[in-house]
Amino acid sequence: MNALSRAGLIMLLILAVGSGIWINRTAWRNRQLIWQLQAAMVAGSVGFIAGRLSAGRD
């Protein structure tokens, strides 16, 4: 794993912890909207990764 990959992974972990703290402090009605946004981001990321892995190599 190179330095750029490690830096990206560390940033993702920091963002995940920060968003968890932020969600914990928001009102309940806003949490549902945030969960929907998070679900959309996760689904988009999984779709992107699956597309990259299943793409043919030229």
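The model is predicted: local features need pLDDT of at least 70, side-chain atom pairs count only at pLDDT 80 or more, and totals for chains, interfaces and linings use all residues. Residues are numbered from 1 along each chain as its sequence is written, and side-chain values use heavy atoms, with hydrogens and water left out.

**Stop 1: helix H1**

Select residues 3-25, which make up helix H1. Helices (H or I, at least four residues) are DSSP runs, numbered from the N terminus. Within H1, select Ser5. Ser5 counts as partly exposed because its relative accessibility is 37%; buried means under 20% relative accessible area, exposed over 50%, and partly exposed in between (1.4 Å probe, protein chains only).

**Stop 2: a nonpolar surface patch**

Next, select Ile10, Met11 and Ile14, which form a nonpolar patch on the surface. Together they have about 310 Å² of accessible area, a value from the Shrake-Rupley method with a 1.4 Å probe, in which only the protein chains shown count as cover for residues. Such a patch is made of residues with over 30% relative accessible area and no salt bridge, with nonpolar side chains (Val, Leu, Ile, Met, Phe, Trp, Tyr) joined within 5 Å. A salt bridge is a side-chain nitrogen of Lys or Arg within 4 Å of a carboxyl oxygen of Asp or Glu. Met11 belongs to H1 and, at 47% relative accessibility, is partly exposed.

**Stop 3: the largest pocket**

The largest pocket has a volume of about 350 Å³. Select Leu15, Ala16, Ser19, Gln38 and Met41, the closest to its centre of the 13 residues that line it. A pocket is an open set of points on a 1 Å grid, where a 1.4 Å probe fits, with protein on both sides within 12 Å along at least five of seven lines; lining residues have an atom within 4 Å of a point. H1 and helix H2 (28-54) each supply at least two lining residues, and H1 gives the most, with 7 residues. By class, the lining has 10 nonpolar, 3 polar and no charged residues.

**Stop 4: helix H2 and the segment after it**

Move to Gln36 in helix H2, which is exposed at 54% relative accessibility. Gln36 and Gly56 are 20 residues apart in sequence and 32 Å apart in space, C-alpha to C-alpha.

Arg52 also lies in H2 and is exposed, with a relative accessible area of 62%. From Arg52 to Trp35 the C-alpha distance is 26 Å, for 17 residues in sequence.

Finally, select Ala55, in the segment after H2. Ala55 is partly exposed at 42%, and its C-alpha atom is separated by 32 Å from that of Ser19, 36 residues apart along the chain.

Methods
Patches are made of residues with over 30% relative accessible area and no salt bridge: like charges are joined within 9 Å, nonpolar side chains (Val, Leu, Ile, Met, Phe, Trp, Tyr) within 5 Å. Grid points are joined across faces, edges and corners, and a volume is the space filled by probe spheres set on the points. Ala, Val, Leu, Ile, Met, Phe, Trp, Tyr, Cys and Pro count as nonpolar, Asp, Glu, Lys and Arg as charged, and the others, Gly among them, as polar.
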